[in-house]
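Reader: Could we look at some side chains in this structure together? I would like to begin with the aromatic ones.

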Amino acid sequence: QQNSGKMAHKLSEQEEAECRECFNLFDRDKDGKISCSELGLIMRSLGRAPTELEVKDYVKQVNKGDDTFDINGLLDVMQKSYKSLQEEEEAILNAFKVFDKDNTGKIDAEELRHIFVTLGDALTQEEVNESLKLAKIDQNNKIDYREFAKVLLPQPLPRR
């Protein structure tokens, strides 16, 4: 299925090489198959940030019937899950806007902490503390979430 009518992203040679390298690392017994339970982890290690729901959806698409997927399944998922940085940033900003009732562009640091530990894939206190270190909290205990969103964007893998 095409995502909202736009052209599917074509993986670059570099991206495809990274996918193959990562697949090979996870394919410990070298049978060309990896357990579907590892798909989310692999996607995240390749710089994607899928929700658990998205991962379940991708697993359904690539499952070979024995709870495994192959390299073609991974390449397919990585192509389908591609989002431009602009799309990623928009998604993050839209999520924050929900909590910005006065439309100030800021969100309360304590409220953000609460959101992080209770909603979705809840983070540990330690993960929240690490995230909030990246946020610039002003003297009113508010965070400019437009700035914070840039920090939260998936970072490309470091080039070796």
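Reader: Which residues form one aromatic cluster?
Author: In this predicted model, Phe96, Tyr145 and Phe148 do. Rings of Phe, Tyr and Trp (its six-membered ring) pair if their centres lie within 6.5 Å; planes under 30 degrees apart count as stacked, over 60 as edge-to-face and the rest as tilted.

Reader: How many aromatic pairs does the structure hold?
Author: The structure holds three. One of them is Phe23 with Phe69, an edge-to-face pair with 6.2 Å centre to centre and 75 degrees between the planes. Phe23 lies in helix H1 and Phe69 in strand E2 (residues 68-69), so this pair ties together parts 46 residues apart in sequence. Helices (H or I, at least four residues) and strands (E, at least two) are DSSP runs, numbered from the N terminus.

Reader: Is Phe23 buried or exposed?
Author: Phe23 is buried, with a relative accessible area of 3%. Buried means under 20% relative accessible area, exposed over 50%, partly exposed in between (1.4 Å probe, protein chains only). Phe69 is also buried, at 0%.

Reader: What about the rings of Phe96 and Phe148?
Author: Their centres are 5.9 Å apart and their planes at 35 degrees, so the pair is tilted.

Reader: On what basis are these values given?
Author: Residues are numbered from 1 along each chain as its sequence is written, and side-chain values use heavy atoms, leaving out hydrogens and water. Local features need pLDDT of at least 70, side-chain atom pairs count only at pLDDT 80 or more, and totals for chains, interfaces and linings use all residues.
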